[in-house]
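Below is a short report on a predicted model, arranged by topic. Please read it alongside the sequence and the coordinates.

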Amino acid sequence: MDKNILEVKNLKKYFPVRKMGKKQYVKAVDDLNFSIREGEIFGVLGESGCGKSTLGRVINRLDFEQSGDITFLNNVISGKSYKSDKNFRKKMQMIFQNPYDSFDPKMLIYKSIELPMKINDVNSDAGSRINEIVETMNKAKLTPAESLLTRYPHELSGGQLQRISIIRSMLLKPKFIIADECVSMLDVSVRAGVLNLLLTFQEELNSAMLFITHDISVATYICNRIMVLYAGKIMEIAESKDILDNPLHPYTRALVSYSPIISKEEKKRFRITGEVVTPIDPPPGCRFASRCPMAKDICKKEEPILKEIGKNRKAACHFV
Amino acid sequence: MTAENRISLSRHENKLTKSVKMYLRDIKGVIGLFILLVFIVMAIFAPVIAPYSPDTMTDDVLQSPSLNHLFGTDHLGRDLFSRVIFGTRISLSVGFVAAGLSAIIGVFIGSFSGYYGGATDDIISKVIDTFLMIPAFFLILIIVSIFGSNIMYIMLVIGLTTWPRNARLMRAQALSIKEKTFITVARSTGESNMRILFGHVIPNGIFPVIANSALQMGGAILTEASLSFIGLGDPNLTSWGKLIYQGRPYMTYAPWTIVIPGIFVVLAVLAFSFIGDGLQFTFNPKNKGEK
Amino acid sequence: MPLLQMKNVDINYRMKKNEVKAVRDFTLDINERDIVGIIGESGSGKSTLAHGLMRILPRNGYMKASEIKLNNKDILNISDEEFRELRWIEMSIVFQKAMSALSPVHKIFDQMYDTILAHKPQVSRNEAEEKLSKLLEIVNLPKKTLNMYPHELSGGMMQRVMISLGLIFNPKLVILDEVTTALDVITQGQLLDEIKRLVNEFKLTVMMITHDVGVVNEVCTKIAILYAGELLEYGNVKDIIFEPFNPYTQALVESHPDLNPEGSTLKGIPGILPDLINPPESCIFYDRCKYRKDICKNGKPELQDYKGRKVKCFRVGELHG
């Protein structure tokens with residue numbers, strides 16, 4: 001039995017909003033339960049506003065939950081801030097969406113890489129820190145390393161910056177990586193380099209990864225399992241092949257059918273109407289009910305629970 | 001180790017040269033910088049440049065400008081050229097100290113307020129707004145009339161009443177910088193708030209404050225000159241404003257006693273304003289694209 | 001009969017000391033009723049081309065060409081005045097950034113009516129309202145949308161409004177400039193379905209600028225591959241996506257996870273875009289091409305007709321004979 005590295009129980013994150021003077025809540029992340037195994041790449045798939053980025057930020061302690069438990073490496077981390085706890089920060093690292101914005105524009109690249117190492121006592125000697133950085137850069141085929149390291153962020157391309165930000169995180173040797181839409185701003189031809197580098201390090205460090213994305217093709221390429229979120233709720237969790245080839249939940253089916261996946265076969269749309277709604281004090285029942293072509297009365301009254309369907313597979317729908 | 005040294009030196013120089021080149025393209029900025037340099041040289045080497053001691057009285061009172069006395073003499077027979085040169089010291093120091101103080105306070109308060117946000121920001125913003133409403137010149141008048149005119153008070157009060165503008169600039173910068181991903185990266189790699197504030201937020205947001213400080217230096221010199229002109233300057237020190245004040249009774253038949261120091265005040269204000277504009281031009285991201 | 005004929009189009013941007021040659025020697029005929037996907041990554045010049053055609057380049061940009069004809073009518077050597085008369089009426093463009101294209105303080109109707117007036121001042125308010133509500137119905141928006149403000153619309157609705165605005169005068173050619181890029185997957189899919197339907201209903205010819213091969217695969221009939229300002233391959237969508245001839249096209253297609261053989265490592269394109277200020281005299285993709293040979297260094301390959309498509313590559317006969 002594989003050990004879990006991260007366990008999330010009943011996690012909730014609400015954002016207060018004022019509407020017509022009344023205080024309401026955007027239920028960005030609402031009652032999530034899942035766990036990630038050691039060494040596993042776990043995808044979080046969803047459209048904008050589904051709560052996938054909020055989830056990543058809460059787990060990384062950049063934001064704090066309303067309620068719920070997060071257990072990481074057998075420690076309960078929910079309820080704590082870990083503002084500058086070296087041991088925690090070293091173990092969990094996050095890669096962000098915008099590579100151009102991930103580096104202090106006033107700092108040389110090597111300073112930006114070195115600073116986290118220095119703060120987290122990864123390598124106490126300045127000289128060997130530099131050596132390690134140069135070595136890792138070479139390994140990632142970012143050459144000539146010395147020249148790249150002595151530039152400013154605006155002098156590098158998006159692909160280079162994103163690979164360097166991966167290196168920056170990996171030099172801390174994290175046990176868990178959160179990648180938040182880390183290739184969505186890059187051209188297709190440079191995505192592969194970034195994804196493969198991420199995979200190389202993940203394998204080498206045997207770390208687990210939470211891979212947040214809206215792109216089902218990228219998700220199925222990189223992830224072992226995928227969790228589909230809609231309006232703050234889990235719709236389905238399954239192995240990535242199953243999500244792509246045999247989606248069960250109506251939302252997943254719609255998502256897969258509307259994705260511009262390139263294939264020789266004609267595919268049929270699983271038609272749904274309407275657009276994503278922000279979950280501001282949502283009505284009871286299934287969050288997807290208002291758009292679901294299969295919805296019945298029960299869907300608007302009773303919220304479906306996330307139930308086990310076969311091996312490694314869960315879905316939250318009354319009719320699955 | 002060697003790599004590190006090689007790294008930082010060559011690159012930093014490079015970026016600095018770029019900025020300097022950028023600045024030198026702005027002709028007004030160059031003029032301003034030139035005037036300021038002349039003033040600084042005058043202030044530092046005053047005893048060498050001045051042909052007479054500024055306080056030696058002679059019988060040649062109110063002489064018009066001549067080869068002997070380049071700017072003429074005042075009502076006590078003192079050489080005006082030497083007095084203007086020594087006055088540069090006082091006037092420039094007022095500018096630097098007052099604007100420097102204003103910049104330091106402004107940067108700290110502004111960045112703190114913008115970065116922390118929330119209730120901290122609300123309270124500090126209200127304080128900044130309150131300070132902005134205080135008519136600085138009258139506050140100085142009150143302080144001077146209560147505590148007496150001492151150049152230290154004057155510099156302090158100018159500094160303490162002009163920081164809100166800097167604080168506002170810095171706060172706006174901090175508000176936008178803290179939303180950048182690299183700040184989130186810093187947090188997620190375990191940098192402390194103080195480190196983020198001093199290591200990222202301030203270095204990235206300070207340029208508008210620097211440009212504004214150049215303008216404020218000119219402003220401080222002008223304020224001090226105004227105070228001196230109405231007789232509230234430091235009685236023990238001779239600034240340009242003081243020279244104008246002293247020449248005032250004789251202006252009808254010895255106009256040089258007020259015109260010449262007046263020109264210097266105007267030049268200083270102009271120089272600082274040119275420099276301020278030049279700096280803004282240099283650090284304006286819109287001009288970065290055209291290398 | 002080609003609707004749009006472009007011959008040797010060059011578009012440059014003047015910089016302080018030099019010029020960026022963003023589009024070079026672009027020659028292409030677009031036939032009536034074709035839906036052409038213009039594919040390219042950043043720096044390929046795809047948007048520049050569209051903006052050049054519509055004469056809406058930024059100040060420092062200018063276009064040269066030996067011929068541009070719309071419906072057999074010269075639109076290259078006509079004055080801006082004359083051009084204004086056919087812009088929007090014979091060809092229109094829809095942009096990615098709908099939010100910034102609409103003023104936040106005016107109702108949708110007023111803004112659409114303004115566009116009508118700009119081209120046909122004689123149209124009355126009532127006529128316009130009738131016409132616009134019909135148009136909105138066609139793009140599946142309720143009539144009340146006319147009385148809404150831009151911020152009340154979602155991204156998908158906004159793009160529908162923009163598309164209907166582009167169709168006001170029944171233009172023959174519509175340029176869609178990254179219209180679905182900012183949208184969510186499902187919204188994008190719905191809009192693409194809509195576009196497919198409109199193309200048939202209005203008998204449109206479409207130039208669809210995008211970076212997403214998947215999107216082109218869904219709606220387009222033809223695909224044009226742009227790289228660093230040059231057209232490298234043009235032909236039927238399925239032919240090119242599933243059997244690319246040009247090495248860049250092949251590398252681009254292989255970068256898509258969908259087309260990557262299961263279990264194998266995804267390949268990207270190593271290297272960087274060539275310098276567009278002094279573009280190389282060789283084949284433009286030479287530096288990054290895995291099939292390059294010495295012959296590729298000498299001069300530029302011609303865009304040649306080959307097996308029913310247009311390909312620019314010295315070695316195409318050899319590699320795909």
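## Chain B: burial and surface

Of the 291 residues in chain B, 46% are buried, where buried means under 20% relative accessible area, exposed over 50% and partly exposed in between, with a 1.4 Å probe and protein chains only.

Residues are numbered from 1 along each chain as its sequence is written, and chains are lettered from A and ligands numbered from 1 in the order in which they are written.

## Chain B: fold and charge

Chain B has 12 helices and 0 strands, taken as DSSP runs numbered from the N terminus (helices: H or I, at least four residues; strands: E, at least two). Its C-alpha trace spans about 75 × 45 × 35 Å along the principal axes. Among contacts in chain B (heavy atoms within 4.5 Å) between residues at least 6 apart in sequence, 72% join residues at least 24 apart.

Chain B carries 23 positive and 17 negative charges, and their mean positions are 11 Å apart. Lys and Arg count as positive and Asp and Glu as negative, while His and the chain ends are not counted; each charge is placed at NZ of Lys, CZ of Arg, CG of Asp or CD of Glu.

## Aromatic pairs

Over all chains, the structure holds 26 aromatic pairs. Rings of Phe, Tyr and Trp (its six-membered ring) pair if their centres lie within 6.5 Å; planes under 30 degrees apart count as stacked, over 60 as edge-to-face and the rest as tilted. Tyr14(A) and Tyr25(A) form a tilted pair, because their ring centres are 6.1 Å apart and their planes stand at 45°. Tyr14(A) lies in strand β1 (residues 4-19) of chain A and Tyr25(A) in strand β2 (residues 22-37) of chain A, so this pair ties together parts that are 11 residues apart in sequence. Tyr14(A) is buried at a relative accessible area of 15%, whereas Tyr25(A) is partly exposed at 30%.

Phe147(B) and Tyr153(B) also make a tilted pair, with ring centres 5.7 Å apart and planes at 55°. Here Phe147(B) is exposed, with a relative accessible area of 51%, and Tyr153(B) is partly exposed, with 32%. Elsewhere in chain B, ring pairs link Phe39(B), Phe71(B), Phe81(B), Trp240(B) and Phe264(B) into a cluster.

## Charges over rings

A charge sits over a ring if NZ of Lys or CZ of Arg is within 6 Å of the ring centre and within 35 degrees of the ring normal. The charged end of Arg168(A) sits over the ring of Phe103(A), 4.2 Å from the centre. In chain C, Arg309(C) lies over the face of Phe245(C), 3.6 Å from the ring centre.

## Buried parts of chain A

Helix α3 (residues 109-119) of chain A is largely enclosed by the rest of the structure, because 9 of its 11 residues are buried. Among them are Tyr110(A), Glu114(A) and Met117(A). Just after α3(A), Asp121(A) takes a positive phi of about 50°.

Ala179(A), in strand β7 (residues 176-180) of chain A, is buried with a relative accessible area of 0%. Leaving aside neighbours within four places in sequence, the residues in contact with Ala179(A) include Ile95(A), Leu198(A) and Phe211(A). Ala179(A) and Leu198(A) are 19 residues apart in sequence and 9.1 Å apart in space, C-alpha to C-alpha.

Notes. This is a predicted model: local features need pLDDT of at least 70, side-chain atom pairs count only at pLDDT 80 or more; totals for chains, interfaces and linings use all residues. Side-chain values use heavy atoms; hydrogens and water are left out.
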